[in-house]
Amino acid sequence: MAETAHTRRVFSGVQPTGNLTLGNYLGAVKRFVEMQKEDCETIYCMVDLHAVTASWPGREAIKDATRELAAAFIACGLDPAKSILFNQSQVASTTQLAWVFNCTARLGWMNRMTQFKDKAGKNAEAASVGLYTYPVLMAADILVYHATHVPVGEDQRQHLELTRDIAIKFNNDYDAPGFFPVTEPIIEGAATRVMSLRDGTKKMSKSDPSDMSRINLTDDADTIAKKIRKAKTDPEPLPETLEGLEDRPEARNLVNIYAGLAEISPEAVIAEHGGSQFGSFKPALAELAVEKLGHISAEMTKLMADKAEIDRILGDGADRAAAIADPILEKTYDIMGFLRSR
Ligand code: AMP
Ligand code: TRP
């Protein structure tokens, strides 16, 4: 297998379903970039096959969303020379392994997946089978690389537990101890669940109908500052202790965002800003956000001007990814005893 000089192999994926938000950045992409510096082999995937489980965006739209996500990754600091960057549909072994895992995962396990229930809504009968089996494809994404560590936001915790259960059951069922690693989730930092700027009890999401609810990585400096100025808050000043944030979801969210961007703990934010009115805290947060994010949108525009270069990067990444995944799929088939004669 190629590219195995490191002790940790990191894998993560993001759906190409529209602009990345500050939630994606603090919960996932920022960590992806940090892991590039450690003694890790890093593989990051634009999961285009996952992006058609809810609806099909259209032929050109899916290509462009994939390229835009690649541009966002690179603008945030992912380096195609250090990390493997590719789109999922270019590596066939993943979907082949997903079939095997469809036969490993149990209906009872799948029926417990809360994200399916949320996404399918009241009319689950009309949801695609792909949406239901989405977490199995995610397990295949990870395990076809024998990835050991997966950085994600809090909302993916249950899917990673399923991935671990699938690995353990496969290894047991086919008498192959240790073949698939039991993957460690990496869900760390102050901002693993960034909330909406309009409602501190709802997750910040690409799909929220209100653009004011989120900061997009494509927003320019003025837009970022305006959204923070207009973020919902309560009339009290920031508390002097962390406990004081307990029943104040909007205030807590802004403190966590500050901590995530400044790379300090929420305690440190309170130590510095406790007692401040939002009239002074919000401008400080806006300044910090613009400093950390303001350059990303211009950088993305520059990268998107050369789509052929993005396609080349993703093609090269897919070759490198397949060089790891294909032998692992072959070994899986071998373990299961499928006849190989070509
Ligand atoms: P998605 O956009 O659903 O493909 O998510 C991509 C990554 O971003 C996953 O690791 C998510 O857990 C993470 N993520 C998405 N939204 C948020 C959020 N509001 N706060 C923290 N992490 C998030
Ligand atoms: N389900 C993840 C999300 O919506 C995206 C994803 C697909 C993923 N495959 C993955 C994340 C593998 C980590 C590892 O955010």
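This is a predicted model: local features need pLDDT of at least 70, side-chain atom pairs count only at pLDDT 80 or more; totals for chains, interfaces and linings use all residues.

Q: Fine. Start with ligand 2. Which side-chain N or O atom is 2.7 Å from a nitrogen atom of ligand 2?
A: One is in the side chain of tyrosine 134. Aspartate 141 also has a side-chain N or O atom 2.7 Å from a nitrogen atom of ligand 2.

Q: And what does glutamine 15 do with ligand 2?
A: A polar side-chain atom of glutamine 15 sits 3.3 Å from an oxygen atom of ligand 2.

Q: How much of ligand 2 does the protein bury?
A: The protein buries 91%. On its own, ligand 2 exposes 370 Å².

Q: Which residues come nearest to ligand 2?
A: There are 13 residues around ligand 2, and Gln15, Tyr134, Met138, Asp141 and Gln156 come nearest.

Q: Which element supplies the largest share of the shell around ligand 2?
A: Helix 6, with four residues. Helix 6 spans 129-143, and strand 1, spanning 8-14, also supplies at least two residues of the shell.

Q: Switching to ligand 1. Which residues come nearest there?
A: Gly153, Asp155, Val194, Met204 and Lys206, out of 17 residues around ligand 1.

Q: What polar side-chain atom lies 2.8 Å from an oxygen atom of ligand 1?
A: One belonging to lysine 206.

Q: What about backbone atoms?
A: Two to note. A polar backbone atom of glutamine 15 is 3.1 Å from an oxygen atom of ligand 1. Glycine 23 has a backbone N or O atom 3.2 Å from a nitrogen atom of ligand 1. So glutamine 15 turns up at both ligands: backbone for ligand 1, side chain for ligand 2, each pair being within the 3.5 Å cut-off.

Q: How much of ligand 1 does the protein cover?
A: 91% of the 490 Å² of accessible area that ligand 1 has on its own.

Q: And the shell around ligand 1, how does it divide?
A: Six nonpolar, seven polar and four charged. Helix 1, residues 22-37, gives the largest share, four residues.

Q: Off the ligands now. How do helix 3 and helix 13 cross?
A: At roughly 25°, with their axes coming within 9 Å. Helix 3 covers residues 93-102 and helix 13 covers residues 307-336. That angle makes the two helices roughly parallel, because angles under 35 degrees count as such.

Q: Left-handed or right-handed crossing?
A: Helix 3 and helix 13 make a left-handed crossing.

Terms used. Residues are numbered from 1 along each chain as its sequence is written. Chains are lettered from A and ligands numbered from 1 in the order in which they are written. Side-chain values use heavy atoms; hydrogens and water are left out. A residue is near a molecule or strand if one of its heavy atoms lies within 4 Å of it. A polar contact is a pair of N or O atoms within 3.5 Å; within protein, one must be able to donate a hydrogen and the other to accept it, and residues adjacent in sequence count only if both atoms are side-chain atoms. Accessible areas come from the Shrake-Rupley method with a 1.4 Å probe; for residues, only the protein chains shown count as cover. Ala, Val, Leu, Ile, Met, Phe, Trp, Tyr, Cys and Pro count as nonpolar, Asp, Glu, Lys and Arg as charged, and the others, Gly among them, as polar. Axes are lines fitted to C-alpha atoms, for helices over the stretch in contact, and angles run from 0 to 180 degrees between N-to-C directions. Angles under 35 degrees count as roughly parallel, over 145 as roughly antiparallel, 65 to 115 as roughly perpendicular and the rest as oblique. A crossing is left-handed if the near helix is turned anticlockwise from the far one by less than a right angle, and right-handed if clockwise.
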